[in-house]
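Here are my notes on this one, written as numbered points. Have a look at the model first, then read along.

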Amino acid sequence: MTVTLTAAQRALLEAPNLAHFVTLMKDGSPQVTPVWVDYDGTHILVNTAEGRQKPRNLARDPRVALSVVDAGDPYRYLQVRGRVVEVTREGAWDHINRLARKYRGPDTRYPERPGEVRIILKVAPEHVSGRGV
Amino acid sequence: MGVPLSDGAKRIIDKKNFAHVATIMKDGSPQVSPVWVYRHGDDIMISTGVDRVKTRNIQRDPRVALSISDIDQPFPPVQVRGRVVEIIRGEAAVEGFVEVTKKYTGSEPAQLPPAADRVVYRIEADSVVAPEK
């Protein structure tokens, strides 16, 4: 069941804090990478590109987890377990540019690479915990 | 078989950066939490409380992954996949707590926790993606 985040949890995701995002390898072991994120009111959105390890892992097993520490207060953090319920190309370039502005500054554009197909991963949070949020 | 950490991985691990450690739940889904880490040679050490989800997970499945971003320059990060090769308990775990507290706070802990409450995990890397320098 999808959990709705509280205002404090949402604020942590709306600030430019990195999330560390876990997917499962073929052998069931974890893989974790830092990613930019935001929240659409229902899903946590992660932006990646087709062909990378994360989408390959998700095609096999949609279960994910992520953790976010408040860059301004390391004793505040959020931990989420959930699953990717949708993968879409729609709006993915606009989304990565929005994230680039959030994390890198208002004048930033994400560098386009020839042939790169951006995708949005929509994560439904199912278990949410943390500290100070 | 373990692989060595690059100089860049050691540099980022040795700073006061959080590591995000991923473990596997009983149902095979992933979990991730922020932790303090320190380093003994090529091994990454996590000092934590025994009464944690990750403790139960690691005892069942020692496969873990770590993601560490340098607070001053988050990309490229350190990404490690590996295994917990030793679980350190008792007074040796309290020594690990002291070592990691000094690393992150610059001073001795105000008080020592009961030995029964602490554990240290020694992680050997099987795969390391990190800056060379």
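This is a predicted model: local features need pLDDT of at least 70, side-chain atom pairs count only at pLDDT 80 or more; totals for chains, interfaces and linings use all residues.

1. Residues are numbered from 1 along each chain as its sequence is written, while chains are lettered from A and ligands numbered from 1 in the order in which they are written.

2. How open is the spot where A:Glu126 sits: buried, partly exposed or exposed? A:Glu126 is partly exposed, because it has 16 other C-beta atoms within 10 Å. (Buried is 20 or more other C-beta atoms within 10 Å, exposed is 12 or fewer, partly exposed is in between, and C-beta atoms are placed from the backbone.)

3. Which residues does A:Glu126 touch, if we skip those up to four places away in sequence? They are A:Met1, A:Thr2, A:Val3, A:Arg81, A:Gly82 and A:Arg83. Contact means that the C-beta atoms, placed from the backbone, lie within 7 Å. As for A:Ala15, 111 residues apart from A:Glu126 along the chain, the C-alpha atoms of the two are separated by 21 Å.

4. Now the sheet around that strand. Chain A has an open sheet of seven strands in the order 2-1-5-6-7-4-3, with antiparallel pairing; two strands pair if DSSP finds at least two bridges between them. Strand 2 (30–35) and strand 3 (37–39) of chain A are at the edges with a single partner strand each, so one side of each has no neighbour in the sheet. On average, neighbouring strands of this sheet are turned by 30 degrees against each other, direction ignored.

5. Opposite A:Asp38 you'll find A:Leu45, in strand 4 of chain A. Helix 3 (residues 92–104) of chain A packs on the sheet and touches strand 3, strand 4, strand 6 and strand 7 of chain A, at about 50 degrees to strand 7 of chain A. (Axes are lines fitted to C-alpha atoms, for helices over the stretch in contact, and angles run from 0 to 180 degrees between N-to-C directions.)

6. On to where the chains meet: 22 residues of chain B are in contact with 21 residues of chain A. Strand 5 of chain B gives the most to its side, with six residues. By class, that side of chain B has 11 nonpolar, nine polar and two charged residues. (Ala, Val, Leu, Ile, Met, Phe, Trp, Tyr, Cys and Pro count as nonpolar, Asp, Glu, Lys and Arg as charged, and the others, Gly among them, as polar.)

7. In chain B, strand 1 and strand 5 pair in the antiparallel sense over four bridges. Here the bridge partner of B:His20 is B:Ser67, in strand 5 of chain B.

8. Last, the largest nonpolar core has 63 residues, and those with the most contacts inside it include A:Val22 and B:Ala22. (Such a core is a set of buried Ala, Val, Leu, Ile, Met, Phe, Trp, Tyr and Cys residues joined through C-beta atoms within 7 Å.) Leaving aside neighbours within four places in sequence, A:Val22 has contacts including A:Leu66, B:Ala22 and B:Val32.

Key
Helices (H or I, at least four residues) and strands (E, at least two) are DSSP runs, numbered from the N terminus. Two residues are in contact if their C-beta atoms, placed from the backbone, lie within 7 Å.
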